[in-house]
Amino acid sequence: MKVEPLSDALGVQVSGVALQDCSSGELTDLLRLVEQAGLVVFRRQSLDDREMHSLARRIGPLEESSRKVCLSPDFPQISYLSNLRDESGDPIGFAGADTDYWHSDQQHRENPATLAVLYCVVPAVSGGATSFLPTEVGAMGLDERTVAELAARRAVYEPAFNHDNAPQIRVSHPALLVSPASGKRCAYVSDNTLEFTGLDAEQSRQLKATVVHRMIRPSRVYSHRWATGDFALYDNAQLLHRREEFRGRRWLKATKIFAPKDIFAVPAGEVVTGLPAGRSASRVMEVSGDVS
Ligand SMILES: O=C(O)CCC(=O)C(=O)O
Ligand SMILES: [Fe+2]
């Protein structure tokens with residue numbers, strides 16, 4: 001097994017290992033590597049849906065995608081991100097091909113499944129990287145006053161308008177997460193943060209802008225260019241990510257795993273309120289003027 005850095009920004013890649021053949025002790029060691037590195041890409045894996053499902057289940061319980069269109073026919077906890085169509089001409093999965101928001105998966109759920117897999121079947125010929133950046137407060141140079149402010153607040157989220165497979169609730173999460181294994185402190189804040197508890201709209205906007213401004217910088221980003229067989233395991237409690245726009249065919253498979261709490265920071269969510277039926281698209285608090 002060979003372990004090498006993926007970039008200066010974050011992540012490692014592992015080659016020479018077949019994940020399916022790992023013992024439970026080896027799998028636990030690899031999870032500890034994910035906790036250290038945030039993102040681990042295992043090269044040249046070969047898994048059908050059944051195998052991907054059973055491998056992921058050895059790590060933890062699985063959550064379904066928040067979009068019904070994604071669910072794989074035989075294993076609904078596996079989702080398809082693809083613009084390919086089946087023999088009837090129907091989309092096989094979620095076909096989004098533009099640049100996404102910077103996000104952390106599942107923040108709109110009360111109990112987010114924060115460990116995620118992306119497995120590449122067909123890489124796009126043009127574009128279509130998945131970009132990642134770390135949210136650790138030290139590495140982003142966040143001042144201690146802002147860190148203390150995050151530690152005292154909860155960040156509020158709700159599903160997007162096309163999240164038709166998630167509870168229609170507004171939830172809050174601790175705005176600062178601390179890893180039980182390493183003590184790493186990470187801002188649990190993303191483009192999707194709506195507000196912070198205990199702050200008015202302008203104070204919320206300012207806190208989000210301060211964090212996002214330090215966090216989202218080109219030099220802090222690693223963009224993973226996919227190859228068939230890449231199996232990426234990443235911890236949403238310490239990274240943001242987004243799909244970069246692409247042209248041509250692309251197919252990734254995904255699954256979201258409830259992270260083992262002895263190794264990973266796991267947000268303790270609370271329901272704030274239900275959402276009115278038939279509401280329009282959720283609005284993202286605008287801070288884009290400050291984002292570099
Ligand atoms: O398609 C991608 O590159 C990213 C997909 C994604 O954000 C997800 O599955 O959570
Ligand atoms: Fe995502």
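Arg 67 lies over the face of Phe 94, at 3.8 Å from the ring centre; a charge sits over a ring if NZ of Lys or CZ of Arg is within 6 Å of the ring centre and within 35 degrees of the ring normal. This is a predicted model, in which local features need pLDDT of at least 70, side-chain atom pairs count only at pLDDT 80 or more, and totals for chains, interfaces and linings use all residues. Residues are numbered from 1 along each chain as its sequence is written, chains are lettered from A and ligands numbered from 1 in the order in which they are written, and side-chain values use heavy atoms, without hydrogens and water.

**Charge over a ring**
- Arg 250 places its charged end over the ring of Phe 246, 5.1 Å from the centre of that ring.

- Helices (H or I, at least four residues) and strands (E, at least two) are DSSP runs, numbered from the N terminus.
- Asp 105 is buried at 7% relative accessibility, and His 241 is buried at 3%.
- Buried means under 20% relative accessible area, exposed over 50%, and partly exposed in between (1.4 Å probe, protein chains only).

**Open sheet**
- Three strands, in the order β14-β8-β16, form an open sheet with antiparallel pairing.
- β14 (222–224) and β16 each have a single partner strand at the edges, so one side of each is left without a neighbour in the sheet.
- Two strands pair if DSSP finds at least two bridges between them; three bridges join β8 (residues 130–134) to β14.
- Phe 132 has Tyr 222 in β14 as its bridge partner.

**Aromatic pairs**
- The count comes to five aromatic pairs, where rings of Phe, Tyr and Trp (its six-membered ring) pair if their centres lie within 6.5 Å; planes under 30 degrees apart count as stacked, over 60 as edge-to-face and the rest as tilted.
- Among them, Tyr 80 and Trp 251 are edge-to-face, 5.1 Å centre to centre with 70° between the planes.
- Tyr 80 lies in strand β5 and Trp 251 in strand β18 (residues 251–257), so the pair ties together parts 171 residues apart in sequence.
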